[in-house]
Amino acid sequence: MNPLLEKTWSDPPGVSGFFSAIDHKTIGLRYLVTAFGFFVAAGLLAALMRMQLSRPENTLVGPDLYNQLFTMHGTTMMFLFAVPVMQGMAIYLLPLMLGSRSVAFPRMTAFSYWIYLFGGLMLYVAFFLNIGPDAGWFSYVPLAGPEYSPGKRVDFWAQTITFSELSGLLAAVTVIATVLKLRAPGMTLARMPLFVWAMLVTAFMILFAMPAVMLASTALILDRLVGTHFYNPAEGGDAVLWQHLFWFFGHPEVYFIFIPGLAFMSTIIPTFSRRPMFGYPAMVLALIATAFLAFGLWVHHMFAAHLPELGKSFFTAASMLIAIPTAIQIFCWIATMWKGRLWLATPMLFSLAFFFVLVAGGLTGIMVASVPLDFQLHDTYFVVAHLHYVLIGGAVFPLFGAWYYWWPKFTGRMLSERLGKWQFWLFFIGFEVAFYPMHHLGLQGMPRRVYTYPADLGWDGLNMLSSLGAVVIASSMLLFVANCMLSLRRAAPCPENPWGAGTLEWATASPPRAYNFDAIPIVRARDPLWEASREPPSEPDHVVGLAEKVREALVTTAVEAMPDHRATFPNPSVWPFISAVAVTVLFVGSIFTPWAVVWASLPVAIAVTLWFWPRHKETVEHLAIEKRP
Amino acid sequence: MLDAAGPQAARVLDLWWLTLAICLLVFFGVLLFCGLALWRAPKTQGPAAPDLASLSMAERGPRAAVAVAVAASTGLLFVLIIASFVADRALANMGPPDLKIELTGHRWWWEARYDASDPSKTFATANELHIPVGRTVLLELKADDVIHSFWVPNLAGKKDLIPGRTATLSLRADRAGTYRGQCAEFCGVQHAKMALLVTAMPQDEYDKWAAAQRESAPEPADKQQARGLELFVNGTCAMCHAIQGTPAHGRRAPDLTHLASRRTLAAGTLPNTRGHLAGWILDPQGIKPGVNMPANPMPPEDLDALLAYLEALK
């Protein structure tokens with residue numbers, strides 16, 4: 001441990017230190033814990049829905065509340081859980097995997113976290129005040145427009161989107177800059193871990209997809225609050241325009257949940273097969289191909305919306321072809337396991353579930369990609385089953401695997417393997433019991449988003465079964481929380497690299513010091529910790545000469561990761577927090593009056609100015625360490 | 001969807017079985033190889049030293065296996081794309097229609113207008129379609145307020161009803177029977193209770209049914225029914241509902257000219273019986289919360305009269 005570095009890079013203590021924190025590990029953990037909180041909240045909403053649907057003509061939940069429940073469930077899972085939890089993983093792990101002391105824009109990362117938190121809290125406060133949105137997480141107009149959704153409910157939904165866009169875009173910018181400029185010397189693009197590749201691809205997708213929903217939701221807010229007619233067919237607007245804009249974002253969004261899932265898989269499988277990943281170049285190209293194709297299939301959400309036939313055929317082909325890059329990755333993982341020595345620890349179990357669940361979900365995805373089949377399957381419980389297979393199989397199972405895998409890194413302790421295996425089997429069985437019957441319900445004609453159904457259609461048995469599955473899932477979640485609590489209170493400290501993994505995050509203490517690495521390593525291989533023993537280096541294996549008294553980091557070139565220059569990083573500051581509060585006042589105020597945009601921009605401008613105001617003491621310090629080469 | 005009663009649904013069902021077969025093949029293929037890998041690879045308990053042989057030696061076998069697997073999946077996908085395209089073209093070519101029906105989606109009921117182009121033959125009904133067996137029917141789909149989606153799984157796939165646009169859907173029933181359909185696009189608080197029934201009947205029965213529907217409502221047969229009509233026309237009912245042959249011409253709610261001939265009330269929510277009709281008139285919000293129809297409290301003798309009149313609207 002280096003006390004001087006520790007002092008330089010630590011967040012200040014105390015309450016004001018709590019609000020000034022900019023350490024990427026602190027922010028990353030806050031993201032993860034907050035996202036898990038929203039995951040539990042949305043899960044409870046889903047449990048309520050399953051209770052309502054367990055019997056036909058049930059009166060536990062009325063239609064008004066039910067519509068809020070599924071809207072809140074979808075909005076929370078997509079915007080407040082799935083995307084932020086992946087960004088939290090990236091913010092925590094990327095600098096450690098890249099051999100860096102920080103993310104690229106630490107204050108902005110703190111700001112993006114506060115914006116995310118405040119947006120989520122606003123949505124839940126509205127829900128508990130009975131002004132929760134009720135037009136679906138997709139908010140189709142005209143239903144979500146001013147005429148058919150009077151009141152403030154949909155405005156809160158649209159503003160939640162604004163918060164998520166802002167925080168998601170800022171986090172994406174941080175990820176891109178960190179990956180491209182803060183890699184340890186020698187970590188060329190061709191040596192980057194697949195995890196990093198996947199997070200980079202995801203961040204670029206966010207950058208290109210988010211503006212579409214930003215445009216869409218801004219036009220919706222204008223229609224609702226100012227009286228424009230973007231979506232009003234009676235005044236020359238167009239109801240289908242919303243669907244195009246929303247799905248142009250909405251389909252890539254599925255992939256910025258799914259690709260980080262692939263990132264976890266490609267990290268866990270080589271470690272527990274005790275060998276490097278098979279087919280690295282194919283894996284990287286497959287990730288990039290997925291990202292490109294993901295922008296070419298939004299119309300498959302709208303096949304029933306009366307569009308030209310030829311155009312739809314194009315989207316069928318694109319939707320089916322996106323299966324190929326995923327197939328390539330699946331085959332490469334199987335080859336890796338085939339040629340490896342397997343260690344079936346809990347993270348590996350969760351990853352293996354991917355092959356069962358995601359593959360099934362991907363194949364039902366191929367079914368709904370076909371226009372004629374989609375005419376029948378669209379907006380039925382078949383699609384509910386499909387999307388949960390894809391998102392839970394492709395993202396949540398690998399996410400739990402990742403949680404078990406990196407928990408020792410986060411805390412310095414292990415989670416119980418025994419409880420972990422119990423949790424895995426309960427979750428897996430509960431998932432299948434809850435979601436498999438929905439395929440059959442959809443084939444029997446049960447539409448989505450219905451708060452009840454008649455008794456004489458034969459849908460009651462399968463619905464009851466599905467609700468029982470939800471109970472099993474809930475018990476597995478309880479077990480998960482218990483496992484984390486027990487580990488924090490009871491487990492003994494574990495070795496620094498308990499899984500014997502090959503990537504750089506395991507080359508430092510667990511949990512890592514504030515400064516991450518005593519010295520920035522020099523990278524010569526894809527799995528530096530495995531391959532270090534192969535050829536003892538003749539050159540030095542770490543960087544020297546970085547200042548220890550101020551926050552100095554080494555910036556490298558984007559492709560070859562050659563040392564480029566030294567950059568001084570900002571110190572902790574409370575202004576990102578205050579700026580986030582000011583922006584929140586602006587966003588929430590604008591739900592009630594357009595004038596909030598004018599008046600509340602004043603505190604925003606002041607807070608942001610003070611955020612960037614140079615401090616004399618710091619400038620002197622920075623000048624003092626400038627040396628001529 | 002699995003019980004096709006017309007050529008549209010049958011086409012989709014054929015494609016479904018083909019797709020299901022190919023997908024099951026792929027699913028079990030992937031699981032088989034995954035399972036084999038799990039079974040044959042040596043096991044370890046703990047962080048054994050990594051095997052770095054693959055870094056210095058090309059892995060020919062696995063590379064060939066992955067290439068073959070990718071080629072096979074691409075081939076199967078192309079089969080599916082072509083099959084889907086062929087089925088889609090067939091669905092779009094149903095030939096000229098024998099009957100045109102204009103179907104409008106409202107929150108939360110269906111308005112059907114038969115032969116709208118010919119004023120002498122046109123008539124309106126609600127929440128029920130009757131079609132002749134073996135004839136191609138062209139539905140012109142419109143929406144009055146928000147987006148709805150027409151879906152009768154036994155007959156055809158769904159089609160959205162979008163405000164400001166007119167969509168069309170051709171379908172044909174080859175088997176007589178009654179098929180249930182339901183709105184498939186979330187349309188607000190009572191999306192769940194927006195069903196309709198499509199009854200396919202032989203041509204001669206259909207002609208008889210259509211002729212009866214074209215008639216105006218029968219005159220009240222007795223004093224009680226006459227009182228019922230008076231209540232309907234002078235009360236709140238006529239502000240939204242129409243009964244042809246009377247002064248009631250409201251268009252915001254279902255046309256009730258032949259209410260008693262229908263099988264359900266409130267868009268498939270209740271069976272059409274005297275008791276349910278009474279409950280619905282008195283307290284629609286209790287049955288379908290959020291529906292646009294207000295509660296209509298009235299003395300028992302007025303209710304009896306109103307019911308007697310409505311029950312006579314065969």
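**Chain and domain contacts**

Modeller: Between the chains, 70 residues of chain A meet 72 residues of chain B, where two residues are in contact if their C-beta atoms, placed from the backbone, lie within 7 Å. This is a predicted model, in which local features need pLDDT of at least 70 and side-chain atom pairs count only at pLDDT 80 or more, while totals for chains, interfaces and linings use all residues. Residues are numbered from 1 along each chain as its sequence is written, and chains are lettered from A and ligands numbered from 1 in the order in which they are written.

Colleague: Which helix gives the most to the side of chain A that touches chain B?

Modeller: Helices (H or I, at least four residues) are DSSP runs, numbered from the N terminus. The most comes from α11(A), with 11 residues. Helices that each supply at least two residues include α4 (63-98), α8 (239-273) and α12 (346-369) of chain A.

Colleague: How many residues of that side of chain A are nonpolar, polar and charged?

Modeller: Ala, Val, Leu, Ile, Met, Phe, Trp, Tyr, Cys and Pro count as nonpolar, Asp, Glu, Lys and Arg as charged, and the others, Gly among them, as polar. The side of chain A that touches chain B has 45 nonpolar, 15 polar and 10 charged residues.

Colleague: What are the domains of chain A?

Modeller: Domain bounds come from an automatic or database domain assignment. Here that gives domain 1 (3-7 + 23-507) and domain 2 (577-629). Their C-alpha centres lie 31 Å apart, and 14 residues of domain 1 are in contact with 10 residues of domain 2. On the domain 1 side, α5(A) has the largest share, 6 residues.
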